[in-house]
Amino acid sequence: MSLRKYLTSRVFFLQLLAAAAIIAVLGYLFMHWLTFTTDHGHEIAVPNLAKLTEEQVEAKLDELDLDYVLLDSVDYRSEFPKYSVVEQDPLPGTKVKVGRKIYIKINASGFSSVRIPDLIEKTYREAVPTLKALGLEQGTITYIPNLGKDMVLEMRYKGRNLKVGDRVLKASKIDLVLGDGKASYVDESQAADSTAAPTTETPKDEQ
């Protein structure tokens with residue numbers, strides 16, 4: 001049989017159809033295998049883990065076939081319970097595959113303490129950024145007569161005077177006593193002369 005006749009014969013077309021069917025079946029099986037091995041199309045929405053303890057996080061993620069990694073604890077935040085999740089990555093609602101690790105950060109057990117810096121005779125503009133850098137807050141501002149306008153003269157916490165090096169908890173409000181710049185300097189010797197009563201002596205020959 002010539003090649004031309006073979007290519008136009010019924011046998012050739014049957015063999016061609018059989019080969020196409022085999023390729024289609026193999027392609028179908030391969031795609032299913034690929035989907036199974038990569039979990040293609042099987043995604044899970046990451047739950048909101050905020051304010052959950054580490055034990056609660058583990059239980060919740062186990063139900064969803066997800067895992068977690070504890071990165072670190074963060075400075076205490078009063079709006080979150082102690083030892084609860086304050087940050088997570090990926091964010092809630094993100095679609096992830098089975099087995100994905102969720103990274104979390106846990107709230108500390110309470111505010112840590114910091115030492116009071118030396119703000120005496122610093123200006124108000126210098127003092128406030130220093131307090132904020134330490135995690136402290138500006139409290140009440142009071143003015144008293146002093147030549148140094150807006151200069152820090154005293155630091156107070158809950159009514160008591162603070163000394164440099166005293167410890168307070170982070171997020172504490174520090175009250176500042178500032179100079180009003182209105183006091184004037186008076187020489188003490190001049191003040192004494194001006195307030196002394198004048199004295200006079202009676203001549204002896206008039207007695």
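Here are a few notes on the predicted model above, taken one piece at a time.

1. Let's start with the three-stranded sheet. Its strands line up in the order S2-S5-S3, and the pairing is mixed. Strand S2 (67-74) and strand S3 (85-89) are at the edges with a single partner strand each, so one side of each has no neighbour in the sheet. On average, neighbouring strands here are turned by 25° against each other, direction ignored.

2. Now look at how S2 meets strand S5 (residues 101-107): the two pair in the parallel sense, over seven bridges.

3. Helix H3 (residues 54-63) lies across S2, S3 and S5, and it runs at about 160° to S2.

4. On to the other sheet, which is open and has four strands in the order S7-S11-S8-S9, again with mixed pairing. Its edge strands are S7 (137-144) and S9 (160-161), each pairing on one side only.

5. Inside that sheet, strand S8 (residues 152-157) and strand S11 (residues 173-179) run antiparallel and are joined by four bridges. Arg156 has Asp175 in S11 as its bridge partner. Helix H4 (residues 124-133) lies across S7, S8 and S11, at about 170° to S11.

6. Last, the surface. Ile22, Val25, Leu26, Tyr28 and Leu29 make up a nonpolar patch there, with about 530 Å² of accessible area together. Val25 belongs to helix H2 (residues 10-38). Is Val25 buried, exposed or partly exposed? Its relative accessibility is 48%, so Val25 counts as partly exposed; the exposed class starts over 50%.

Key:
Residues are numbered from 1 along each chain as its sequence is written. This is a predicted model: local features need pLDDT of at least 70, side-chain atom pairs count only at pLDDT 80 or more; totals for chains, interfaces and linings use all residues. Side-chain values use heavy atoms; hydrogens and water are left out. Patches are made of residues with over 30% relative accessible area and no salt bridge: like charges are joined within 9 Å, nonpolar side chains (Val, Leu, Ile, Met, Phe, Trp, Tyr) within 5 Å. Accessible areas come from the Shrake-Rupley method with a 1.4 Å probe; for residues, only the protein chains shown count as cover. A salt bridge is a side-chain nitrogen of Lys or Arg within 4 Å of a carboxyl oxygen of Asp or Glu. Buried means under 20% relative accessible area, exposed over 50%, partly exposed in between (1.4 Å probe, protein chains only). Two strands pair if DSSP finds at least two bridges between them. Contact means heavy atoms within 4.5 Å. Axes are lines fitted to C-alpha atoms, for helices over the stretch in contact, and angles run from 0 to 180 degrees between N-to-C directions.
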